[in-house]
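Q: Please take a close look at the aromatic rings here, and at the packing around them. Keep it brisk, with numbers.
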Amino acid sequence: MYSIDPKEQQERDNYKLMTGAIIPRPVAFVTTKSTEGVVNAAPFSYFNIVSANPPLISVSIQRKNGVQKDSAKNIADTKQFAVHVTTEHIVEDVNQTAAPLAHNDSEMRFTDFTLVESDVIDVPGVAQAKFWMECTLEQHITNEQYPTFDLMIGKVERFHIDETYYDVDNGHVDATGLQAISRLAGNDYAKVGEQFTLERPK
């Protein structure tokens with residue numbers, strides 16, 4: 001077994017090690033709105049569930065040279081954001097929103113996405129998404145010693161799901177039909193592959 005002290009490596013080496021081994025990671029496609037009213041969109045793979053009661057999710061947005069990204073700034077300013085699960089049929093357009101742009105230059109113009117009004121927040125969602133959530137900011141976590149990220153804990157105020165992939169009677173989501181994609185390392189992604197069932201011990 002090879003042991004590594006992260007303090008003896010460069011940040012990039014730790015990044016490659018973690019993103020290569022902590023896989024697969026779901027990809028959050030996040031829309032936000034600036035205080036000037038410009039819609040921003042970007043994908044983030046540091047994304048997961050925090051709690052079901054209340055329904056909380058986390059999105060960690062990495063800073064570049066200590067500077068907040070537009071998504072993080074918008075969430076901090078407005079306390080609202082929408083999170084879409086990235087699926088096979090929208091991943092190409094989602095990838096286009098990862099382009100580095102000037103502040104308040106909307107990534108949406110590089111996509112074929114259609115924006116739709118949310119029910120309870122002022123940030124729009126994307127009509128083409130099969131599953132998305134309207135969120136309000138529950139907690140914004142940063143670290144003064146390491147100002148390299150903005151961890152956003154969002155409270156889900158509304159779920160939106162294509163009824164084709166949702167069994168209303170038992171609350172189950174059709175994972176195969178949803179076709180969510182996940183991030184691996186570098187430019188690699190994965191589709192939902194072979195599945196198996198394993199019951200927990202009682």
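A: Start with burial: a residue is buried under 20% relative accessible area, exposed over 50%, and partly exposed in between (1.4 Å probe, protein chains only). The model is predicted, so local features need pLDDT of at least 70 and side-chain atom pairs count only at pLDDT 80 or more, while totals for chains, interfaces and linings use all residues. Residues are numbered from 1 along each chain as its sequence is written, and side-chain values use heavy atoms, with hydrogens and water left out.

Now the rings. A pair of aromatic rings is described by the distance of the centres and the angle of the planes. Rings of Phe, Tyr and Trp (its six-membered ring) pair if their centres lie within 6.5 Å; planes under 30 degrees apart are stacked, over 60 edge-to-face, and the rest tilted. How many aromatic pairs does the structure hold? There are 2.

One of them joins Phe 29 and Phe 113. Their centres are 5.4 Å apart, with 45 degrees between the planes, and the pair is tilted. Phe 29 sits in strand β2 and Phe 113 in the loop between α3 (91-96) and β7 (115-116), so the pair ties together parts 84 residues apart in sequence. Helices (H or I, at least four residues) and strands (E, at least two) are DSSP runs, numbered from the N terminus. Phe 29 has a relative accessible area of 0% and is buried. Phe 113 also counts as buried, at 11%.

Next come Phe 131 and Phe 159: the ring centres are 6.1 Å apart and the planes meet at 25 degrees, so this pair is stacked. Phe 131 belongs to strand β9 (residues 131-141) and Phe 159 to strand β10 (residues 149-161), so parts 28 residues apart in sequence are tied together. Phe 131 is buried at 17%, whereas Phe 159 is exposed at 51%.

What touches Phe 131? Leu 178 does, and Leu 178 also touches Thr 87, Lys 130, Tyr 165 and Val 173, not counting residues up to four places away in sequence. Contact here means heavy atoms within 4.5 Å. Leu 178 lies in helix α4 (residues 175-178) and is buried, with a relative accessible area of 10%. Leu 178 and Glu 88 are 90 residues apart in sequence, yet 8.4 Å apart in space, C-alpha to C-alpha.

Back to strand β2. This strand covers residues 28-33 and includes Thr 31. Thr 31 is buried at 0% relative accessibility. A polar atom of its side chain lies 2.8 Å from the backbone oxygen of Pro 124. Contacts of Thr 31, leaving out residues up to four places away in sequence, include Asn 40, Phe 81, His 84, Val 123 and Pro 124.

Helix α2 (residues 70-78) links these strands to the packing. Its buried residues are Asp 70, Ser 71, Ala 72, Asn 74, Ile 75 and Ala 76. They pack against β2, β3, β5 (55-62), β6 (80-85), β9 and β10. Lys 79 follows α2, with a positive phi near 65 degrees.

One loop remains. Ser 45 is placed between β3 (39-44) and β4 (47-52). Ser 45 is buried at 12%. Its side chain makes a polar contact of 3.4 Å with the side chain of Arg 25. A polar contact is a pair of N or O atoms within 3.5 Å; within protein, one must be able to donate a hydrogen and the other to accept it, and residues adjacent in sequence count only if both atoms are side-chain atoms. Beyond four places in sequence, Ser 45 is in contact with Arg 25, Pro 26, Val 27 and Arg 183.
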